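Work through the exercises below with the sequence and the structure at hand. Try each task before reading its solution.

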2 protein chains.
Amino acid sequence: MNTILEIGKKAKEASYKLATISTGVKNDALAQMAKALEDRKSEIIQANEKDRKEARKKGLKEALIERLMLDDARIAGMVKGLRELCDLPDPVGNGSMIKRPNGLTLLKQRVPLGVIGIIYESRPNVTSDAAGLCIKTGNSVILRGGSEAINSNIAIVEALAIGLEKANLPSTCVQLVEDTSRERVQELLTMREYVDVLIPRGGAGLIKNVVKNAQIPVIETGEGNCHIFIDENADLSMAKDILINAKTSRPSVCNAAEKLLVHEKIASVFLPEALKELRSWGVEIRACEKTRNIFPEALPAGKEDWSTEYLDMIIGVKVVESIDEAINHINRFGTSHSEAIITQDYKRANLFLARVDAACVYVNASTRFTDGGEFGMGAEIGISTQKLHARGPMGLEELTTVKYLILGNGQIR
Amino acid sequence: MNTILEIGKKAKEASYKLATISTGVKNDALAQMAKALEDRKSEIIQANEKDRKEARKKGLKEALIERLMLDDARIAGMVKGLRELCDLPDPVGNGSMIKRPNGLTLLKQRVPLGVIGIIYESRPNVTSDAAGLCIKTGNSVILRGGSEAINSNIAIVEALAIGLEKANLPSTCVQLVEDTSRERVQELLTMREYVDVLIPRGGAGLIKNVVKNAQIPVIETGEGNCHIFIDENADLSMAKDILINAKTSRPSVCNAAEKLLVHEKIASVFLPEALKELRSWGVEIRACEKTRNIFPEALPAGKEDWSTEYLDMIIGVKVVESIDEAINHINRFGTSHSEAIITQDYKRANLFLARVDAACVYVNASTRFTDGGEFGMGAEIGISTQKLHARGPMGLEELTTVKYLILGNGQIR
């Protein structure tokens with residue numbers, strides 16, 4: 001097994017190679033990686049069965065084991081993902097230029113980031129998705145998946161290595177950290193010499209550990225305590241449809257609504273019917289006192305509810321006195337992911353857009369649209385909830401940086 | 001004195017105010033800040049004399065005391081800096097838009113970062129420069145300058161506060177951490193709730209501490225171990241001019257050349273004359289064995305020389321066997337700041353541009369051009385040597401982020 005330091009050195013070497021190859025070679029590698037995944041499907045499924053058996057032994061919840069599971073359809077999804085990347089435009093090499101009065105030509109060119117470290121939890125399809133995105137953008141990648149999926153991840157990376165080599169690229173373009181101990185993660189988080197960027201993908205605990213201990217630039221992704229604010233001038237029928245969609249269409253994802261804020265002027269009209277319908281969908285209601293006066297079937301919300309991302313069929317409900325209270329509540333308890341106002345008032349829509357501090361702010365639409373595909377990016381590595389480098393859905397361009405190339409003919413200063 | 005937490009809270013509040021005001025109000029604030037600096041010039045100079053007296057008592061070097069010094073001319077420079085910012089275009093509010101097939105309109109709009117923490121060393125003019133750049137871009141700022149300049153910084157921030165209030169903005173838009181203890185810095189580095197970005201400006205030690213301990217996104221600036229590589233096909237007269245300029249025109253700045261790499265095929269022709277001229281400028285030569293065989297007056301370079309940023313009249317010199325050795329040496333020992341090749345060969349120029357991993361890569365020009373003003377940006381907060389968010393000189397746009405505003409009419413997914 002390679003040490004983290006060896007993995008880092010090899011990744012850096014591979015990144016220099018990847019930075020100078022053409023889009024055609026990268027697309028060929030993606031196609032070969034897709035084919036190799038298909039060819040080694042049975043080995044991957046076998047390895048996955050081993051992981052699931054271990055997981056059952058350890059007593060993991062069935063929902064987690066389901067996330068871990070790979071079958072023909074899921075592998076076909078991974079293959080399709082790699083093939084679709086071939087068709088997307090390559091951002092590397094494009095840029096802009098200016099000529100300075102002293103005759104210097106400045107080219108600002110898009111280049112790969114270099115070596116990307118991705119730290120994620122149990123879903124093994126991330127292994128192939130993330131590898132594909134990195135190869136398409138000319139980055140080498142160090143993958144550190146969860147221990148529950150280690151056999152699956154080894155099998156997937158072995159297949160990807162075959163594909164890379166068929167395309168005459170070093171297999172070290174995509175490396176897996178096979179030792180999933182905490183110590184190895186800490187080493188990865190501080191290996192400044194060889195890793196350019198870290199992207200944690202997973203729950204709040206994982207992200208917190210990376211942010212706290214990393215000495216390498218991090219892009220935080222995916223925590224979403226998203227709010228829907230129903231303003232006093234909302235179209236209440238539209239408001240209900242958006243609320244139901246944002247909460248129930250896929251409650252386990254980061255762009256699902258977790259909280260409902262309702263203006264007090266329409267609370268007694270809107271809440272009874274809307275909350276009844278949410279309950280009929282199986283949603284648990286945790287609400288403030290004012291809400292419970294209107295809708296007594298709701299459970300009382302605790303203090304910690306306002307900052308919790310449930311990722312489940314639960315919603316926190318609060319009646320607010322004003323749009324200002326709604327905005328302040330969102331800026332205080334939100335995670336800067338996706339926030340929506342439902343209103344027919346032009347001025348108040350603009351106020352909400354301007355003052356809510358989040359990656360994506362919606363007027364009269366479901367928060368569920370925060371997604372690379374829905375934004376027309378084609379592919380997505382995650383949703384950035386921080387402000388540096390990228391904000392909101394991150395596509396291929398967000399996996400690159402820029403470099404100034406300055407062409408002179410003897411200029412001195 | 002405010003605690004760091006109080007400073008943070010007030011900065012966050014002020015940032016919400018700043019995010020929604022017009023360019024006109026921000027320019028008015030800059031003009032009022034400039035005027036207040038002029039009006040309180042004598043108080044600032046008095047405070048600065050106190051700092052310098054303390055510094056002499058503590059036995060600080062004269063060069064450091066000179067950096068600390070404020071006189072009429074330097075304050076006039078600070079005033080001019082603020083006034084020039086008024087004329088620069090405001091990046092906030094601009095952006096792009098797309099319409100999605102489902103009718104959603106996506107606006108990708110440039111917005112302020114929020115609260116910026118700037119941690120810097122003794123030069124007190126940074127206090128007003130950084131404050132001005134932040135106000136122009138709608139960010140509130142927490143300034144943590146060095147303890148040697150504390151009285152000067154307090155006097156400057158007092159003046160800026162008067163200016164802000166005259167423009168009807170809260171003085172908390174610009175706050176100084178008056179307690180310069182290490183403990184307060186550590187608090188600042190971890191105050192995720194209230195600080196959006198940290199920018200360290202100063203020596204390698206300061207930057208390392210921030211990177212190691214920060215739990216907030218950091219933009220690293222300014223370390224520059226810059227190389228000039230003289231290729232075998234170089235115009236040797238141009239090579240000498242660029243070398244002398246890059247090393248001697250201002251040796252204490254980050255874009256000055258620190259190392260000279262020379263292709264062995266032209267070493268015996270180029271080095272004797274070039275090194276003789278460098279010495280005549282007062283530059284100390286620390287060289288590899290091969291160089292010393294050609295130019296015996298050079299001192300032997302130690303191992304640590306190759307990674308050292310001297311910021312002084314010293315240069316490290318190494319003969320290399322090939323352009324590959326030069327590129328590998330630069331990628332290993334450089335700080336990803338500014339690197340130059342001097343060559344007349346098209347193919348080798350392109351190879352160097354593609355493979356050297358740095359913010360600014362030059363062909364046939366001095367590394368001294370890496371500068372916001374020289375790049376046509378008008379103003380600069382620093383030179384980013386990292387790859388996330390910004391690379392190379394950072395102007396106004398680099399002090400902003402983006403936000404997606406999504407306008408719908410009832411869309412659900």
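A residue is buried if 20 or more other C-beta atoms lie within 10 Å of its own, exposed if 12 or fewer, and partly exposed in between, with C-beta atoms placed from the backbone. A nonpolar core is a set of buried Ala, Val, Leu, Ile, Met, Phe, Trp, Tyr and Cys residues joined through C-beta atoms within 7 Å. The model is predicted: local features need pLDDT of at least 70, side-chain atom pairs count only at pLDDT 80 or more, and totals for chains, interfaces and linings use all residues. Residues are numbered from 1 along each chain as its sequence is written, while chains are lettered from A and ligands numbered from 1 in the order in which they are written.

**Exercise 1. The cores**

Find which residues touch the most other members of the largest nonpolar core.

Step 1. This core has 129 residues, and Leu160(A), Leu198(A) and Leu198(B) touch the most other members.
Step 2. Helix H7 (residues 150–166) of chain A gives the largest share, seven residues. Helices (H or I, at least four residues) and strands (E, at least two) are DSSP runs, numbered from the N terminus.
Step 3. Leaving aside residues up to four places away in sequence, Leu160(A) touches Met33(A), Ala36(A), Ser128(A), Ala131(A) and Val174(A). Contact requires C-beta atoms, placed from the backbone, within 7 Å.
Step 4. A separate second core holds 56 residues, among them Cys226(A) and Phe375(A).

**Exercise 2. The two sides of a helix**

Decide which residues of helix H13 (residues 323–333) of chain B are buried.

Step 1. Ile323(B), Ala326(B), Ile327(B) and Ile330(B) are buried.
Step 2. Their arc around the axis is only 95 degrees, so they sit on the same side of H13(B). The arc is taken over the directions from the helix axis to the C-beta atoms.
Step 3. An α-helix has 3.6 residues a turn, so residues three or four places apart point the same way.
Step 4. Asp324(B) and Arg332(B), on the other side of H13(B), are exposed.
Step 5. The cover over the buried residues includes strand S8 (257–263), strand S11 (314–320) and helix H14 (346–355) of chain B.

**Exercise 3. A strand and its partners**

Say how many residues of S11(B) are buried, and then name strands that pair with S11(B).

Step 1. Six of its seven residues are buried, so S11(B) is largely enclosed by the rest of the structure.
Step 2. S8(B) pairs with S11(B) in the parallel sense over five bridges; pairing needs at least two bridges found by DSSP. Here Leu261(B) has Lys318(B) as its bridge partner.
Step 3. Strand S9 (residues 284–287) of chain B also runs parallel to S11(B), joined by four bridges. Ala287(B) is partnered with Val317(B).

**Exercise 4. The two chains**

Work out what rotation superposes chain A on chain B.

Step 1. The rotation is 180 degrees with 0.0 Å of shift along its axis, at RMSD 0.0 Å, and this is therefore the relation of a two-fold axis. The superposition is by least squares on the C-alpha atoms of residues with pLDDT of at least 70 in both copies.
Step 2. In chain A, His389(A) comes closest to the axis, with its C-alpha at 1.8 Å.
Step 3. The contact takes 54 residues from chain A and 54 residues from chain B. S16(A) supplies the largest share of the chain A side, eleven residues.
Step 4. S16(A) pairs with strand S13 (residues 360–365) of chain B in the parallel sense over five bridges, and Leu407(A) has Val363(B) as its bridge partner.
Step 5. Since 100% of the interface residues of chain A are also interface residues in chain B, the copies meet through the same surface.

Methods
Contact = placed C-beta atoms within 7 Å.
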